[in-house]
Amino acid sequence: MNAVAERMPALYLSHGAPPLADDADWTRELAAWSAALPRPKAILIVSAHWEEAPLALGATETVPLVYDFWGFPERYYAVEYAAPGAPELADSVRKLLRGAGTPVQDVPDRGLDHGAYVPLVEMFPEADVPVLQVSMPTLDPRKLLEIGRKLAPLRDEGVLIVGSGFFTHNLAALRHAGGGVPGWSAEFDDWGTRALLAQDIDALLDFENKAPAGRLAHPRTEHFAPLFVTLGASEAVGELDSGRSVIDGFWMGLAKRSLQFG
């Protein structure tokens with residue numbers, strides 16, 4: 001891929017479930033966010049909903065979406081997002097990661113899952129930006145941070161790196177919480193925001209032990225884990241101090257905080 005003059009930001013976004021499309025405020029926030037971004041040459045996205053080792057590259061041509069959810073109205077399974085594949089970006093990822101000793105595999109029939117296409121439908125509705133989804137080969141924050149560091153050079157080639165998760169995520173606890181925002185969700189959101197502002201990577205890496213209600217906010221860490229890919233892609237170019245919250249607040253009790261670096 002050829003270098004471009006403008007370095008692309010790196011994002012972490014709370015991706016929402018399929019009913020995100022029905023939330024007018026949230027969809028408006030995502031659309032405004034994308035409108036303020038430089039135009040990406042391609043998008044590399046890491047979703048909470050694809051864990052596979054060794055690290056896998058999804059389809060490099062347009063294939064059907066992965067509707068990885070159950071029990072929703074039929075209209076959510078009719079959504080399409082025929083973004084172009086990104087074979088050139090896939091080649092660059094292979095070179096960067098294999099050159100650094102990270103094994104890479106190809107899964108050519110793996111389409112975008114809802115952690116990828118649900119927000120992209122709102123941010124790039126024309127589906128005219130090539131998209132490559134990359135799996136998380138581990139949930140170890142330190143290893144994901146290192147992967148993000150290795151991928152950082154792509155930002156200078158016009159690639160928008162996106163970690164897609166949810167800033168708090170415990171659906172089982174929500175079912176017993178009643179209405180409003182649970183204390184554990186609000187406390188973790190506040191702690192995480194302050195840790196990011198302080199650029200306290202060590203605390204974030206150990207969030208299960210350092211954060212109030214860390215294990216309750218994330219009983220399994222897959223929705224927080226993509227943040228570390230984003231942090232690595234930002235730290236590697238000295239941009240941790242540029243981090244800011246673009247979207248905040250809560251959706252059904254979960255913190256929808258979304259971040260931009262650069």
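The structure described here is a predicted model. Strand E10 also pairs with E1, again antiparallel and over three bridges, with leucine 259 of E10 as the bridge partner of tyrosine 12. In a regular strand the side chains alternate between the two faces of the sheet.

Six of the six residues of E5 are buried, so the strand is largely enclosed by the rest of the structure.

Among the elements that pack against E5 is helix H2, whose buried residues also pack against strands E2 (42–51), E3 (55–57), E4 (104–106) and E6 (159–165), and against helix H4 (141–151). Helix H2 (residues 87–99) comprises 13 residues and reaches 18 Å from its first C-alpha to its last, close to the 18 Å expected at 1.5 Å a residue. An α-helix has 3.6 residues a turn, so residues three or four places apart point the same way. The buried residues of H2 are Leu89, Ala90, Ser92, Val93, Arg94 and Leu97. Serine 92, which is found in this helix, has a relative accessibility of 10% and therefore counts as buried, the cut-off being under 20%. Although serine 92 and leucine 151 are 59 residues apart along the chain, their C-alpha atoms are separated by 9.1 Å. Just after H2, glycine 101 takes a positive phi of about 85°.

Helix H3 (residues 114–123) is mostly covered, with nine of its ten residues buried; these are His114, Gly115, Ala116, Tyr117, Val118, Pro119, Leu120, Glu122 and Met123. The cover over the buried residues of H3 includes strand E1 (10–14), helix H1 (24–36), and strands E2, E5 and E6.

Rolling a probe the size of a water molecule over the atoms shows where empty space is left. A search of the whole structure finds one cavity of 30 Å³ or more, and about 120 Å³ of space lies in the largest cavity. Of the 15 residues that line this cavity, Ala59, Glu61, Val63, Leu112 and Val131 lie nearest its centre, and the lining as a whole consists of eight nonpolar, five polar and two charged residues.

Turning to open space, the largest pocket has a volume of about 430 Å³ and is lined by 19 residues, of which Ala17, Phe72, His169, Leu171 and Trp251 lie nearest its centre. Its lining divides into eleven nonpolar, six polar and two charged residues. The second largest pocket, with a volume of about 160 Å³, is lined by Pro18, Ala21, Asp22, Arg75, Tyr76, Val79, Tyr117, Val118, Val121 and Glu122. The lining of this second pocket contains seven nonpolar and three charged residues, with no polar ones. Tyr117, Val118 and Glu122, which are among the residues lining the second largest pocket, are also among the buried residues of H3.

Technical notes: Residues numbered from 1 in each chain as written. Predicted model: local features only at pLDDT ≥ 70, side-chain atom pairs only at ≥ 80, totals over all residues. Heavy atoms only, no water. 1 Å grid on protein atoms, 1.4 Å probe; cavity = no way out; pocket = protein on both sides within 12 Å on 5 of 7 lines; lining within 4 Å. Points joined across faces, edges and corners; volume = space filled by probe spheres on them. Nonpolar A, V, L, I, M, F, W, Y, C, P; charged D, E, K, R; others polar. Helix = DSSP H or I, 4+ residues; strand = E, 2+ residues; numbered from the N terminus. Expected span 1.5 Å × (residues − 1). Buried < 20%, exposed > 50% of the residue type's maximum accessible area, 1.4 Å probe, protein only. Contact = heavy atoms within 4.5 Å. Pairing = 2+ DSSP bridges.
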